Amino acid sequence: MAFGDLKTDKGVNELNKFLEDKSYIKGFQPSQADVDALNQLAKAPAVGQPHALRWYNHIKSFSADELKNFGASPLKAGSTTTAPAAAADDDDVDLFASDEEDEDAARIREERLKAYAEKKSKKPELIAKSSIVLDVKPWDDETDMKEMEKQVRSIVMEGLLWGASKFVPVGYGIQKLQIMCVIEDAKVSVDELTEKIQDFEDVVQSVDVAAFNKI
Amino acid sequence: MVTISPKYLNQIAQYLGAPLGKITQKDNIYTRVNNNQTSTGTINIIFSFLKDSKSNLGPNDPLQEAAMFQWLEYGIVYAANANNGQNVKVLLRDLNTILSTQTYLVGHRLTVSDVFLYYVLADIMAGLSSLDKEKFLNVSRWYDNIQQDAALRQKNNFVDFSSNYLANLVPARH
């Protein structure tokens, strides 16, 4: 199972999403796949990644011996690939002292990689936003619409921005409140928002999503 | 005193591989007699199953024992008697919160508490709508993980938690 680079936040977010409805990465018991993924993580997942964090704590709770017993063999040591190459070097007579050049090249490459990584990390991440129009229906014909709007606008959430609103007549002198808002998808869920509005039970009868547009 | 259906005791005994013994019921209290050992009360009976079966689903230390005791009690008092829709919603909501940080109920492995609650919740989970399964995601994940063991599942139906078809119902999430 691949989640991109688990050292980055984006990779861990993918992992978090994947583990939403799964207890383990592969199958239904701890396996080598879990150990591999755990080893790739740079640090424990943040609180905002609850599913990854739960999985992390669960896998972490096993002792090293237990981890080795899960599925396949333990992690391969990385040293085996370099040894033969070093031996071959010894046989060659290096006339042009390319050792130093190699070092230089390696150094330059590393610097470039570092610069690239820095540049990449500075690039602002695209934040997915949605524009929503909500229909808020009052409890009855005597509900104070201004008061209702005030209460709805009193909801403050991170990543939530209230916009324009208007009263739309429904019939028999009853009006409904149509209000626009912009939310950040990652921070605010529409369900949560509508539930919050519906919590004003005294004035609000129901909330509908009239329009939903990704920005 | 609240009581539970005796079928849960049968299922647990069968899964643990413990002899059921002779179970009698008086005033809503179960009593089990096996090898001249008497245990009274559902929770004690479950712990006596554990002892008779040499199963490793029991507690490792007193703290775990206490936690398992509480979960069994929770299963009997709340889960097994959540008979109307409102109770079920409250039950699942609470469980969903707790399971958001845990893979299993007690410690980091399958215990008899998970097994018991699995049997008790089997009917409720089988009757959940897809939207509710999605809503109580953490419970669904826990349940799905437990039900994979055919020996544990016994005669219970396999509950499908696949969310592919959900994409049409809740597009905002997918």
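Guide: In this predicted model, chain B exposes about 8800 Å² of accessible surface, and carbon and sulfur atoms supply 50% of that area. Of the 174 residues of chain B, 48% count as buried, and residues 24 or more positions apart account for 64% of the contacts with a separation of 6 or more. Chain B is built from eight helices and three strands, and from the N terminus on its elements run α-β-β-β-α-α-α-α-α-α-α.

Two residues in the loops of chain B deserve attention for their backbone angles. B:Asn35 has a phi near 50°, a positive value in a residue other than glycine, and its place is in the loop between β2 (29-34) and β3 (37-40) of chain B. With a relative accessibility of 67%, B:Asn35 counts as exposed. B:Lys54, likewise not a glycine, has a positive phi of about 55°; this residue is found in the loop between α2 (42-53) and α3 (62-79) of chain B, where a relative accessibility of 73% makes it count as exposed.

Chain B also has a partner to consider. At the interface, 16 residues of chain A are in contact with 16 residues of chain B, and the area buried between the two chains is about 1400 Å², with carbon and sulfur atoms giving 52% of it.

Chain A itself has 215 residues, of which 30% count as buried, and its accessible surface comes to about 14800 Å², with 53% belonging to carbon and sulfur atoms. Eight helices and four strands make up its elements, which follow the pattern α-α-α-α-α-α-β-α-β-β-α-β along the sequence.

Because A:Lys176 lies in strand β3 (residues 174-184) and A:Asp135 in strand β1 (residues 129-138) of chain A, the pair ties together parts that are 41 residues apart in sequence; both A:Lys176 and A:Asp135 are buried. A second pair joins A:Lys187 to A:Glu158, with the closest N and O atoms 3.2 Å apart. Here A:Lys187 lies in the loop between β3 and α8 (190-198) of chain A and A:Glu158 in the loop between α7 (145-153) and β2 (160-171), so this pair ties together parts that are 29 residues apart in sequence. A:Lys187 is partly exposed, at a relative accessible area of 44%, while A:Glu158 is exposed, at 60%, and a network of salt bridges links A:Glu158, A:Glu184 and A:Lys187. A salt bridge also forms between A:Asp21 and A:Lys22, whose closest N and O atoms are 3.2 Å apart; A:Asp21 counts as partly exposed at 27% relative accessibility, and A:Lys22 counts as partly exposed at 30%.

Conventions: Residues are numbered from 1 along each chain as its sequence is written. Chains are lettered from A and ligands numbered from 1 in the order in which they are written. This is a predicted model: local features need pLDDT of at least 70, side-chain atom pairs count only at pLDDT 80 or more; totals for chains, interfaces and linings use all residues. Side-chain values use heavy atoms; hydrogens and water are left out. Contact means heavy atoms within 4.5 Å. Buried area is the accessible area (1.4 Å probe) that two parts lose on being put together, summed over both. Buried means under 20% relative accessible area, exposed over 50%, partly exposed in between (1.4 Å probe, protein chains only). Accessible areas come from the Shrake-Rupley method with a 1.4 Å probe; for residues, only the protein chains shown count as cover. A salt bridge is a side-chain nitrogen of Lys or Arg within 4 Å of a carboxyl oxygen of Asp or Glu.
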